[in-house]
Amino acid sequence: MAAPLILVLNGPNLNMLGTREPEIYGSATLDDLETLCAETAEGLGLAIECRQTNLEGELISWVQEARERAAGLIINPAGYSHTSVALMDALLAVDIPVIEVHLSNIHKRESFRHHSYVSRAATGVICGLGFAGYRLALIALSDILEEEDDQ
């Protein structure tokens, strides 16, 4: 039996991890994050595919693709969290569990970051825990998928 696929989608500017605002996002890179996700997924018996884009339309297309390919989705929509109704609509249309992750605590930052359209479509939201948030999201999805199999 094939391992369930988890798609990890990262939005704009996350390709700049390690150099962009290290006081907020730390000094580790996107490659470091993807390595952590791959190692965690392997330990949980999950397959994983990580992608990053700065383009809203591409992110939406990947969400739509997830509906057919993935058992679950982790998304850090970055700045699109606060602006993209289209991304929210795409996420509402997929019939798989979605975990929204933010490296920083968006509720302790500028007021415009306190609202996320994506949260309306998310099964759960993790913010403020840095890279550990992705590890926790993978554990949560593993648990959710296990519960679905038991039903």
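Residues are numbered from 1 along each chain as its sequence is written, and side-chain values use heavy atoms, with hydrogens and water left out. As the model is predicted, local features need pLDDT of at least 70 and side-chain atom pairs count only at pLDDT 80 or more, whereas totals for chains, interfaces and linings use all residues.

Two packed helices are described by the angle between their axes and the distance between the axes. Helices (H or I, at least four residues) and strands (E, at least two) are DSSP runs, numbered from the N terminus. The axes of helix H2, residues 30-44, and helix H5, residues 132-150, come within 9 Å and cross at roughly 25 degrees; such axes are lines fitted to C-alpha atoms, for helices over the stretch in contact, and the angles run from 0 to 180 degrees between N-to-C directions. H2 and H5 are therefore roughly parallel to each other, a description given to angles under 35 degrees, while those over 145 count as roughly antiparallel, those from 65 to 115 as roughly perpendicular and the rest as oblique.

On the H2 side the contact is made by Leu 33, Cys 37, Thr 40, Ala 41 and Leu 44, and on the H5 side by Tyr 134, Arg 135, Leu 138, Ile 139 and Ser 142, where contact means heavy atoms within 4.5 Å. By class, seven nonpolar, two polar and one charged residues make up the contact of H2 with H5; Ala, Val, Leu, Ile, Met, Phe, Trp, Tyr, Cys and Pro count as nonpolar, Asp, Glu, Lys and Arg as charged, and the others, Gly among them, as polar. Within helix H2, Thr 40 is buried at a relative accessible area of 12%, the term buried meaning under 20%, exposed over 50% and partly exposed in between (1.4 Å probe, protein chains only). Leaving aside neighbours within four places in sequence, Thr 40 is in contact with Arg 135 and Leu 138.

Cys 37 is likewise buried, with a relative accessible area of 1%, and Cys 50 is partly exposed, at 24%. The sulfur of Cys 37 is 4.9 Å from the closest cysteine sulfur, in Cys 50, which is too far for a bond. A disulfide is taken as a pair of cysteine sulfur atoms within 2.5 Å, and a search of the whole structure finds zero disulfides.

Glu 21, in the loop between strand S1 (5-10) and helix H1 (22-25), has a positive phi near 40 degrees although the residue is other than glycine, and counts as partly exposed at 30% relative accessibility. Ala 78, in the loop between strand S3 (72-76) and helix H4 (85-93), has a positive phi near 50 degrees and counts as buried at 17%.

His 82 is also found in the loop between S3 and H4 and is buried, with a relative accessible area of 12%. In the loop between strand S4 (98-102) and strand S5 (124-127), Arg 120 counts as exposed at 61% relative accessibility, and, residues up to four places away in sequence being left out, Arg 120 touches Met 88 and Leu 92. The C-alpha atoms of Arg 120 and Ser 81 are separated by 10 Å, with the two residues 39 apart along the chain.
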